[in-house]
Amino acid sequence: MKTTILTRSLALTLLVFCTACPPFDPTPPPDETVPQYILDMEMDTHAAVNDERVAESLPGLVMNETLREVARAHSQDMIDRNFFDHTNPDGDHVGDRLGDAGVTYVMAGENIAWNQGYADPVTAAVDGWMASSGHRANILRPQFTLTGIGIAVTPDDAYYFTQVFTDPSKGLGTTRTEFYTYGPIAIKKP
């Protein structure tokens, strides 16, 4: 009986002190660590890539948030550990990163680009990819249906772009069937 009274008293005290508290929201807050201009640039890159696909009578790629997070993490890792490659210093490649994120697929690809000194880094990256036969092939590969684009920027305005592509496994649970990566594209304005 004494415990019940104490519990009720504690609950009333908490209720009195928390009347100004906002209601509990079980949804996670948006990722406030990514600046809005980066999120906008990622979507602008996505739109530019889809414009290239539509021009070739291909359906647009669907932006997948898990793939976007994988791509953004790779772009930031390249800055943090001072490398520019599909394979990080630990020897991990796009398949490892996708596996760590729990992504299954039949085919996967990755394009990366770096540029600095351009008023429009998005156009510089997409134009660079489209000028490279391998990167262009990834963008226009009809089997790819999902994508994630992640951008990170250095304090001196060097932009690192990563685009990950997959064709979902359609419930087959298959991973690492085929990978498509091509040498990185680095573009510095003269």
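**Exercise 1. Determine which residues of helix 3 are buried and what covers them.**

Solution. The structure is a predicted model, in which local features need pLDDT of at least 70 and side-chain atom pairs count only at pLDDT 80 or more, while totals for chains, interfaces and linings use all residues. Residues are numbered from 1 along each chain as its sequence is written, and side-chain values use heavy atoms, with hydrogens and water left out.

Helices (H or I, at least four residues) and strands (E, at least two) are DSSP runs, numbered from the N terminus.

Step 2 is to apply the burial cut-off, by which Leu 67, Arg 68, Val 70, Ala 71, Arg 72, His 74, Ser 75, Asp 77 and Met 78 of helix 3 are buried.

Step 3 is to look for their cover, which includes helix 2, strand 1 (62-63), helix 4 (94-100), strand 2, strand 3 and strand 4, a contact being heavy atoms within 4.5 Å.

**Exercise 2. Compare the span of helix 3 with the expected one, and describe both of its ends.**

Solution. Step 1: the expected span of a helix is 1.5 Å times one less than its number of residues. Helix 3 (residues 65-80) has 16 residues and reaches 22 Å from its first C-alpha to its last, close to the 22 Å expected.

Step 1: just after helix 3 comes Asn 82, with a positive phi of about 55°, although Asn 82 is not a glycine. Most residues other than glycine have a negative phi. Asn 82 sits in the loop between helix 3 and helix 4, and it counts as exposed because its relative accessibility is 70%.

**Exercise 3. Describe the surroundings of Arg 68.**

Solution. Step 1: Arg 68 belongs to helix 3, and it is classed as buried because its relative accessible area is 7%.

Step 1: leaving aside residues up to four places away in sequence, Arg 68 touches Leu 39, Glu 42, Met 43, Met 63, Gly 148, Ile 149 and Gly 150.

Step 2: Arg 68 and Phe 165 lie 97 residues apart in sequence, yet 9.8 Å apart in space, C-alpha to C-alpha.

**Exercise 4. Work out how strand 4 is paired and whether it is enclosed or open.**

Solution. Step 1: two strands pair if DSSP finds at least two bridges between them. Strand 2 and strand 4 are antiparallel over 11 bridges, with Pro 168 in strand 4 as the bridge partner of Tyr 105.

Step 1: strand 3 and strand 4 also run antiparallel, joined by eight bridges, and here Tyr 159 in strand 4 is the bridge partner of Val 153.

Step 2: strand 3 and strand 4 form a hairpin with four residues between them, and Asp 157 in the turn has a positive phi of about 65°. Asp 157 counts as partly exposed, at 45% relative accessibility.

Step 3: because 10 of the 11 residues of strand 4 are buried, strand 4 is largely enclosed by the rest of the structure.

**Exercise 5. Identify the nonpolar cores and the elements that supply them.**

Solution. Step 1: a nonpolar core is a set of buried Ala, Val, Leu, Ile, Met, Phe, Trp, Tyr and Cys residues joined through side-chain atoms within 4.5 Å. The largest one has 22 residues, and Met 41, Trp 129, Ile 139, Ile 151 and Phe 161 have the most contacts inside it.

Step 1: at least two residues of this core come from each of helix 2 (36-55), strand 2 (105-116), helix 5 (121-130), helix 6 (133-140), strand 3 (146-153) and strand 4 (158-168). Helix 5 gives the largest share, five residues.

Step 2: a second, separate core of 10 residues includes Val 70, Leu 98, Val 103 and Val 164.

Conventions
Buried < 20%, exposed > 50% of the residue type's maximum accessible area, 1.4 Å probe, protein only. Polar contact = N/O pair within 3.5 Å; in protein donor to acceptor, adjacent residues only side chain to side chain.
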